[in-house]
Amino acid sequence: MTAALPSTPELLKDVHLGLPAPCQDPARLALLSGHYLYYHYGCDGLDDRGWGCGYRTLQTLCSWPEGRSSGVPGLAAVQRALEDMGDKPPGFRGSRTWIGCVEASLCLEHFGGPQGRLCHLPRGAGFREVERLYSHFTAGGGPVMVGGDADAQSKALLGICEGPSMEVYVLILDPHYWGTPKNRCELQAAGWVGWQKVNNVFDSNSFYNLCFTRHT
């Protein structure tokens, strides 16, 4: 029998801090501004494994830029809002249906969170938003939600780095963690937050949506 997780979340803040750059002598490196909380599977006692990654990433976005849980909607509130807005049909609330960047952008506006701006990358286009990510982060932007179809696992981008040989890395925050992490070092060591090469993160056979967060 799986042990229940705490019903009151003990959320960790800014779990990427202390990570070294992914390469020596990076040509460019840009990170998000502000603060965020790390929302992940089961962090509020609800077992959402297998379907809740989009909701958790949305919650992380909503916690920015102050790194506070006040005003961050629960999963039931997100489903209710999407149903009330007409984005989802009656009966959506209480389901285990996943959400993506489009729903996240609607909820950011609905709940008065940071402003969300959508970007769509067509299937097979590869990841071509390197310059846009640099501009976003250097201008004070927050976490960027990303998800696709063939690659349907939602995650957040917290930074971007270009190495001396033009290799590109993105800083990934993965919401699929299940458990109660003690500190950011534990998450970093296990790879729940860390730098990854762009070519290893994005599936060239998938389309992608990105939701950029910035100050309203």
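Two exercises with worked solutions follow.

The structure is a predicted model, in which local features need pLDDT of at least 70 and side-chain atom pairs count only at pLDDT 80 or more, while totals for chains, interfaces and linings use all residues. Residues are numbered from 1 along each chain as its sequence is written, and side-chain values use heavy atoms, with hydrogens and water left out.

**Exercise 1.** Determine whether Ser63 is buried or exposed, and find which backbone nitrogen its side chain reaches.

*Solution.* Begin with the relative accessible area of Ser63, which is 2%. Buried means under 20%, exposed over 50% and partly exposed in between, with a 1.4 Å probe and protein chains only, so Ser63 is buried. Next, look at the side chain of Ser63, which reaches the backbone nitrogen of Leu37 at 2.9 Å. Finally, with neighbours within four places in sequence left aside, the residues in contact with Ser63 (heavy atoms within 4.5 Å) include His35, Tyr39 and Val72.

**Exercise 2.** Classify the ring pair of Trp51 and Tyr55.

*Solution.* Rings of Phe, Tyr and Trp (its six-membered ring) pair if their centres lie within 6.5 Å, and planes under 30 degrees apart count as stacked, over 60 as edge-to-face and the rest as tilted. A search of the whole structure finds three aromatic pairs. For Trp51 and Tyr55, the centres are 5.6 Å apart and the planes stand at 80°, so this pair is edge-to-face.

Notes: Polar contact = N/O pair within 3.5 Å; in protein donor to acceptor, adjacent residues only side chain to side chain.
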